[in-house]
Amino acid sequence: MKIYRIFLKKADSGKIQDLELIAEGYSYLSLFFGFFYLFYKKLWLQGLLVFLLCLLSMTAQYILSGFYIGVIAVLGSLVFSGFEYIDWRSQAMSKDGYQY
């Protein structure tokens with residue numbers, strides 16, 4: 001059984017204008033597609049954060065010549081984005097006028 005967060009956007013008249021469901025749990029799309037998925041969902045700052053973490057870890061890999069350090073750091077930033085996606089998306093929807 002899946003659990004969802006329900007977000008409603010109401011018009012000035014009080015009628016429901018839009019409804020959006022966000023599944024609770026881990027975001028595998030954010031894990032596999034990383035900052036591309038965050039940009040697609042218009043989470044610009046969070047996508048930039050994950051992109052910079054990946055870029056920084058790849059730069060450290062190049063400078064230190066440590067393949068495993070860079071790979072672990074990139075995977076760590078992608079795993080982090082998977083865990084945080086639900087909260088990031090919920091905050092963005094609240095700012096857009098949706099009610100939880």
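This is a predicted model: local features need pLDDT of at least 70, side-chain atom pairs count only at pLDDT 80 or more; totals for chains, interfaces and linings use all residues.
Residues are numbered from 1 along each chain as its sequence is written, and side-chain values use heavy atoms, with hydrogens and water left out.

Asp87 has a charged partner. Arg5 forms a salt bridge with Asp87, with the closest N and O atoms 3.4 Å apart; a salt bridge is a side-chain nitrogen of Lys or Arg within 4 Å of a carboxyl oxygen of Asp or Glu. Arg5 lies in strand 1 and Asp87 in helix 4, so this pair ties together parts that are 82 residues apart in sequence. Helices (H or I, at least four residues) and strands (E, at least two) are DSSP runs, numbered from the N terminus.

Which other residue does Arg5 form a salt bridge with? The partner is Glu24, and the closest N and O atoms of this pair are 2.3 Å apart. Because Arg5 sits in strand 1 (residues 4–10) and Glu24 in the loop between strand 2 (16–23) and helix 1 (28–33), the pair ties together parts that are 19 residues apart in sequence. Arg5 is buried, at a relative accessible area of 14%, whereas Glu24 counts as partly exposed at 36%.

Now for another pair. Glu20 forms a salt bridge with Arg89, the closest N and O atoms being 3.1 Å apart. Glu20 belongs to strand 2 and Arg89 to helix 4, so parts 69 residues apart in sequence are tied together here. Glu20 is partly exposed, with a relative accessible area of 22%, while Arg89 is buried at 12%. Through salt bridges that share partners, Arg5, Glu24 and Asp87 are joined into one network. By the rule above, the count comes to three salt bridges.

Our last stop is Gly97, found in the segment after helix 4 (67–95). Gly97 is partly exposed, with a relative accessible area of 41%. What does Gly97 touch, leaving aside its neighbours within four places in sequence? Gly97 is in contact with Leu8 and Lys9, where contact means heavy atoms within 4.5 Å. The C-alpha atoms of Gly97 and Gly76, 21 residues apart along the chain, are separated by 32 Å.

Conventions
Buried means under 20% relative accessible area, exposed over 50%, partly exposed in between (1.4 Å probe, protein chains only).
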